[in-house]
Amino acid sequence: MSTAQVAVTTKSDWTSDQEVRWCPGCGDYGILLAVQQLMPELGVSPENTVFVSGIGCSSRFPYYMDTYGMHSIHGRAPAIATGVATARPDLDVWVITGDGDGLSIGGNHLIHALRRNVNLNILLFNNRIYGLTKGQYSPTSEVGKVTKSTPFGSIDPPFNPLSVALGAEASFVARTHDLDRKHMQETFRAAHEHRGASFVEIYQNCNVFNDGQFDDVTKRNVRDEMMIDLVHGEPILFGAERRRGVVQGSDGFLRFADVDEVGLDAILVHDAADERPTLAFALARLSDDDHSPTPFGVFRDVDRPEYASAVGDQVVEASEKRGPGDLATLLASNGTWQVG
């Protein structure tokens with residue numbers, strides 16, 4: 001991304017003239033507004049920003065941003081965005097995907113973009129359903145989910161998106177949700193400031209085909225008890241008056257505990273900068289349903305070599321050693337043959 005001075009912009013500079021066409025009440029509206037309001041604060045310009053999406057409801061996103069963008073093909077947004085970010089490292093590149101687009105047909109491209117640490121901001125809208133195709137189960141749907149494609153209930157164990165990202169050695173992993181614009185913007189800002197591949201899972205409600213999936217965690221009246229706010233360098237506390245916390249047992253597993261019973265010193269201190277993904281992975285697995293306390297915020301934020309920079313260094317080194325390339329010589333080099 002360029003660090004050159006850019007003109008001051010407002011939300012209207014980032015908002016296209018296209019009619020937003022999601023179902024009324026869809027969580028995508030809140031995410032779009034959060035991004036459009038945040039972009040003027042990031043010190044970037046619309047003409048140097050690219051939004052790439054795949055297929056799905058979330059993938060309409062590039063139409064609504066007044067930037068460069070591409071509504072690409074199913075699951076291939078990370079691959080296309082990798083090409084953009086590698087060829088033009090001066091650009092600010094965002095990937096918009098969903099749990100179906102990103103973790104089903106696009107799972108392969110997603111994990112490789114993360115392991116390569118391409119300088120992308122990947123926002124994965126997770127509503128745990130296929131919305132665009134009218135309500136089939138997705139890779140994140142829970143076991144037993146009854147849908148049009150699983151009339152007797154899904155028997156597939158679901159993906160945990162954060163676990164997938166951490167398993168791919170993603171250098172930045174976070175989670176937020178569509179009902180808290182401030183939290184979304186803080187999370188997106190942190191992802192943008194990270195150099196390399198940032199992955200943000202967004203709990204997003206589909207009020208038509210999977211309404212209320214996250215209500216037991218994200219609704220305002222339950223957030224204090226159910227949402228665990230991860231803050232780097234601080235004890236992991238939650239609940240009324242922050243009297244509950246997360247502790248790590250001698251077996252390495254994380255558990256919930258009352259602060260009055262174990263003492264504040266026993267509460268685990270969050271370390272998003274830990275080079276080992278072990279703690280972040282354990283936190284990602286702390287809740288395996290939608291009815292128990294669930295961590296939100298930045299799980300991991302570490303420095304790793306960034307892909308485009310490494311590619312650029314190779315090109316410079318090769319040019320210095322071998323001189324300028326010769327396409328004709330390359331085409332007539334080893335491995336050529338004549339037919340007929």
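Author: What follows is a walk through the sheet, and then through the helices lying across it.

This is a predicted model, in which local features need pLDDT of at least 70 and side-chain atom pairs count only at pLDDT 80 or more, while totals for chains, interfaces and linings use all residues. Residues are numbered from 1 along each chain as its sequence is written, and side-chain values use heavy atoms, with hydrogens and water left out.

The sheet is open and holds 8 strands in the order E2-E1-E3-E4-E6-E5-E11-E7, with mixed pairing; strands (E, at least two residues) and helices (H or I, at least four) are DSSP runs numbered from the N terminus, and two strands pair if DSSP finds at least two bridges between them. Strand E2 (68–71) and strand E7 (227–230) each have a single partner strand, so one side of each is left without a neighbour in the sheet. Within the sheet, strand E5 (residues 172–177) and strand E11 (residues 294–301) run antiparallel and are joined by 4 bridges, and Arg175 has Gly297 of E11 as its bridge partner.

Helix H4 (residues 77–87) lies across E1, E2 and E3, running at about 180 degrees to E3, where axes are lines fitted to C-alpha atoms, for helices over the stretch in contact, and angles run from 0 to 180 degrees between N-to-C directions. H4 also packs with helix H6 (residues 107–116) at an angle of about 35 degrees, their axes 7 Å apart. Pro78, Ala79 and Thr82 of H4 make this contact with His109, Leu110 and Ala113 of H6, contact meaning heavy atoms within 4.5 Å.
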